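Subject: Model for your files

Hello,

Here is the model we spoke about, with its sequence. My notes come after it.

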Amino acid sequence: MFRFIVRRLLQMVLTFFGATFLVYALMFAVQDDPIQALVGERPITDSQRAALTERYHLNDSFFQQYWYYVKGLLTGDLGTSLTGRKIADMLADAWPVTLRLTLIAIVIAATIAIVAGVISAIRRGSIFDNATLFVTLIVLAMPIVVLAPLAQLIFGIKLGWFPPTAGKDANLYELLLPAAVLASLVVATELRVTRASVAENLRADYVRTARAKGLRRGRVIGVHVLRNSLIPVITLIGVDIGALMSGAIVTEKVFNIPGVGFNLFRGIRTEDGPLVVGFVSVLVIVFLVLNLIVDLLYAVLDPRIRYE
Amino acid sequence: MSDMNALTAESPVLQPAPPGGAGKSRSLAADAWHDLRRSKIFWAALVLIVIVLLMAAWPSLFTSADPHDCVLSRKHAGASGSAIFGYDFQGCDVYAKTVYGARYSIVVGVFSTLIAGLIGLAVGLSAGYFGGWLDALLSRFVDVMLGVPFLLAAIVLGKRLASNPENSNGVLAVTLTLGILGWTTAARVMRSSVITAKNQDYVAAARMLGAGSGRLIFRHILPNSIAPYVVVLTILLGINIASEATLSFLGVGLRGDAVSWGISISEATGYVRVAPGPLIWPSVFLAATVLAFIMLGDAVRDAFDPKLR
Amino acid sequence: MTGVTDIQAQIDPLPGLDPRAALLQVDDLHVEFRTRDGVAKAVNGAGFHLAAGETLALLGESGCGKSVTAQAIMGILDTPPAHITGGQILYRGVDLLRVSEEDRRKVRANRIAMIFQDALSALNPVYTVGFQLAELYRKHRGMSRKDAKKRAIEALDQVRIPAARERINDYPHQFSGGMRQRVMIAMALALDPEVLIADEPTTALDVTVQAQIMGLLAELQHQRNMGLILITHDMGVVADVADRISVMYAGKVVEEAPVYDIYARPAHPYTKALLESIPRLDLKGQQLNVIRGLPPALTDIPRGCAFHPRCGYAREICRMDQEPPAYQIAPHRIARCHFIREVLGV
C-alpha cells in the first residue's frame, strides 16, 4: 500500500508539472503578442500592459515565465483580474456554491447509475434493460448547451417545478435542477460501466462459488458482485469530475449561479485572460488531487492493487 | 443474446462446436455487417446522418430563406410563410438559421475528427508497435493531456487561437482546437488494440517468416485493430460537434457572421421567457446530429464486440 | 459422526428427508442449454448413485456433461440458458428438483458442497479468505463475527494451512495454488456436508501438489464418512482414490463399474479407448492409441449410440434410432453397448 501511494504521488507530481505546463503553453507559447492573447480585442491602457508584462514576466524566457507561474500557483498567488480584483479572492467567493452543486450532482449521478446499472445487468435483455440503454444513449448525446437551457425552460419556466435560477446562497432545492443537469453529463457513462461490470462479474467463477455456498441471492449480488463491480465505476468517477467542472461552466451560466464556472464564463466573455488562466489552473490542480484521492480509494477497494 | 454469453462463459459444453455457431464460419467483418444490417439503431442513425449531410451541403434544398436576412421589426415574430419556426431576437428566420447551422457543425466536426484521428493513429500505432521508451514517453504525454479536463484546455487554446485577427469567424481556430486536444482516446484505443494484435501468434509467425515492420503493420496489425479505432472516431465526431456548440456558446468557438447552433442557443438563452422557439429548434437539431453519430458508433461497436451488450 | 447429524437435524429440517434412504441417487437427468444458435443437450439421461463414505469418479472428455451434472445437483445452473428438462436427483429420498428454492439453498454447503477447479477465480478476490469462510458460519449457523472467525481458523487448521490464525486475514491472491485449493476445501467442508462434489480439483495444480490435495481429500472423506463425487478426465487420478467409476459420453453414463474391473476389463468401447490412450511405460516405443475424431457437438448429437462415429466396433445397429440399453454385466456393472461381449472378449 505504501509503495502504491508513493508511486502514485510521484506520478501526480509529474502530471502536475506536465498539465500546468500544457495550460501555460497553450496560452503563451509561440505567441507574437501574449498581451493580445490575454485581453483579446479589449482595449487596455499602457499601464495595464506594463502591469501584465510584469505579472507574467513576458520579458523573460518562456521557461522562466512558466516557473514564475507555477510558483504563483503553489503559493496561492494567482494575480489580479483585469477588473482589478484579486483572482484568489474571487475564487474563494465562488468556490462554496460550486462545490455544493457538484456534490449534489455526483450523488444524483452515482445513485441512479448504480441502482439502474445493477438492475439492468441482472435483467439483461429485459424491457427495463433496453429502455435504460436507450435513455442513456439519448442522455449521452445531449450536449450540455442543449440540456441546461431546455431543462430550465421546461422544468423551471413552463412547469415551474423548480426555481429557474439559483443565487449565491442557493439551498438544496434551488440547486436540484442545475445539479440534475450536471449529473446527466456523467450518469449515462457511469450507468453503462456499472451495467457492463456487474454483468461481467455475475458470470465470474466466484459468484458460482458464492451460490454453491448456499448464500441468498441478495447477498451474492449485494456483497460479492457489487464490491467487485464498483471498482471500475469508482475510477470513472475520478475522470467524471473533469466533465463536471466543464459542465459547471455552462450550467452555472444558464442558471445564473455565481460559482467558479460562472466567473470563468464571464472571464471568457469579457476577454479577461488572467482570470481564465488562473481559474483553469486551479481547476486542473483540483482535478489532479481528486483523481489522486479516487485512485487511493480504488486501492482500498481492490486488495490486488494494495498488495502489489 | 445474453443467453449465448452466459452459456459460453458458464460452461464448457459448447466448446467442441466450431466458432460461429452451426458450422457457418464468417469473417469478423462479415459477421459484424450481418448484425449491423438488422440493427434498427444503425439505420436510424444513418438516415439522420444523411439528412444532416444534405443540409450541410445544400441548405437551399431545405429553405429558400437567407439566414442573414434579419429585420429587427420581425423580432420574436411567430411562424409565417417559410419561417416555420418564427423569428429570433434580431428578426432572423429561425428555421433558415437552423438549417444553415448544420454546415459549420459538420465541417468543424469532420475536420477536427480527421486531425484528432491522424494524431491518434500515429501516436497509438507507434507507441503500441514499437513499445519501450517511445511507448513510455507517449503514454506519459497522454496521461498529462488527460490531466487537463478537455473543455478547460479547449477554452484556453480556443481563446488564444481566437484572438488571432486573421480568424474572422473562428472555424479554423475551433477545428484546430478540437483536433489538437481530442486525439487521446483514439490513441489509447489504437495502442491497446495494436498491442493485442501484435501479441497474436499469427503476427509472431509472420515476423518469423521475415515480414518487415511496414508489412506487419499494414497487412497484419492494422486490419485487426482498426474496428475499435473507427468506433471511437465515429463517437468522437459526435462529441466534437457537441464541443463546437459548447465552445461557441461560451464565446471561444465560432464567431462573427458564422451561423452556428451553439451561437443561436447562446443568444436565445437570454430570451427564453419571451420566445422559447429560437432556443428549442437549434437545440433539437444539434442533439439529433450528435445522437446520430453516437448511435452509429454504438451500433458498430456492438456489431464488432457482442460481448459488450 | 453423530455430532454431524445432530447439527443438521437442528439447522434445517428438509421436508420428506429419510435418513435411511440412499445418500444420493441421480436418475435419467436431462439438461439442455437453449441459445440463439439452437438447443445444446448437455446431459441426456445421466444416472448414478452414491453411498456414504464412497468415492464415485465421473470420467469423461470436456463437454461430456460431467460438470453440468454436478452443477445440476448443486442447483447452481443459470436458468436461462440452462433448463433441467427431466429426471430426478434424490438426496436421502428427497427429490431436490421438486423442493422450494429456499430449501434448496439450505441444502447447498450444509448437505451437499462443491469444490471448483480453479481456486483463484473461484474465490472472491476482494474479500479475505477469513471473511469468505466465516460467512458460511454467520449466514448458515447464525454465529457472531467473533465465533465465526474462530471456526474459520479451525477450518483452515483442518486442511493444514500453516499459521491459520494469521493467514485468515490474507486475500486469495496471496496464497499459492495448492494453499488456495486447501482454502476451497475448507470452505466446502465448513458445514460438514454429507456429499462433496469435487470438479477437477487438481487440474490447475502442479503434479506434486496434486497428490497432496488428493491425499488430503481422501483423508477428510474417511474421517467424515462423506460421499465424494470426483469429476475428472484424468484416469490416473481416478485409479488411486475412486471406488467406482461412471464414464460419461455425450451427456450419458455409458459404463459404470468398480474401479478395479474397469481397468482390468472395460466393457464399453469408449472406456477401452480411453484406457488405451494413456501413455504407459511398458509400452514405450509403441504408437499410442488415440480416439479418432472429436466429441459430438451437443447441438447435434448422433442418432443411435452417440459414440458410433468414433467407434471401431460400430455396425448398422449402432446407427439406428434406438440407442443401446444399459446391460447389466455383473452386480455392480452396467454398460450401454450392443457389443459388450466383443469388447470384453468373451
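Predicted model: local features only at pLDDT ≥ 70, side-chain atom pairs only at ≥ 80, totals over all residues.

Chain A

Chain A contains 13 helices and zero strands, so its pattern along the sequence is simply α-α-α-α-α-α-α-α-α-α-α-α-α. The C-alpha trace of chain A spans about 80 × 55 × 30 Å along its principal axes. Of the 308 residues in chain A, 46% are buried. Among contacts in chain A with a separation of 6 or more, 72% are between residues 24 or more positions apart.

UniProt, in an unreviewed entry, lists residues 95–298 of chain A as "domain: ABC transmembrane type-1". In the model that span is 84% helix and 0% strand, and its end C-alpha atoms are 27 Å apart.

Chain A against chain B

Here 44 residues of chain A are in contact with 45 residues of chain B. On the chain A side, the elements giving two or more residues are α1 (2–28), α2 (34–39), α6 (127–141), α7 (144–158), α10 (217–254), α11 (260–269) and α12 (273–301). The largest share, eight residues, is from α7(A). By class, this side of chain A has 33 nonpolar, eight polar and three charged residues.

Nonpolar cores

The largest nonpolar core has 165 residues, and those with the most contacts inside it are A:Val23, A:Val280, B:Leu152, B:Ile155, B:Val156 and B:Ala186. Helix α12 (residues 277–304) of chain B gives the largest share of this core, 17 residues. Neighbours within four places in sequence aside, A:Val23 is in contact with A:Val280, A:Ser281 and A:Val284, and also with B:Val148 and B:Val156. Another core, of 114 residues, lies apart from that one and includes C:Met74, C:Leu136, C:Met248 and C:Ile340.

Helix α8 of chain C

Helix α8 (residues 177–189) of chain C has 13 residues, which at 1.5 Å a residue should span 18 Å; the end C-alpha atoms are 19 Å apart, so the two agree. This helix, α8(C), is mostly covered, with 11 of its 13 residues buried. The buried residues include C:Arg180 and C:Arg182 as well as C:Met179, C:Val183 and C:Ile185. Among the elements that cover the buried residues of α8(C) are strands β6 (112–115) and β7 (195–199), and helices α4 (119–122), α5 (129–141), α6 (145–158) and α9 (207–224), of chain C.

Regards

How values were computed. Residues numbered from 1 in each chain as written. Chains lettered and ligands numbered in written order. Helix = DSSP H or I, 4+ residues; strand = E, 2+ residues; numbered from the N terminus. Buried ≥ 20, exposed ≤ 12 C-beta atoms within 10 Å, placed from the backbone. Contact = placed C-beta atoms within 7 Å. Nonpolar A, V, L, I, M, F, W, Y, C, P; charged D, E, K, R; others polar. Core = buried A, V, L, I, M, F, W, Y, C linked by C-beta atoms within 7 Å. UniProt positions renumbered as here; feature names shortened; annotations may be inferred. Expected span 1.5 Å × (residues − 1).
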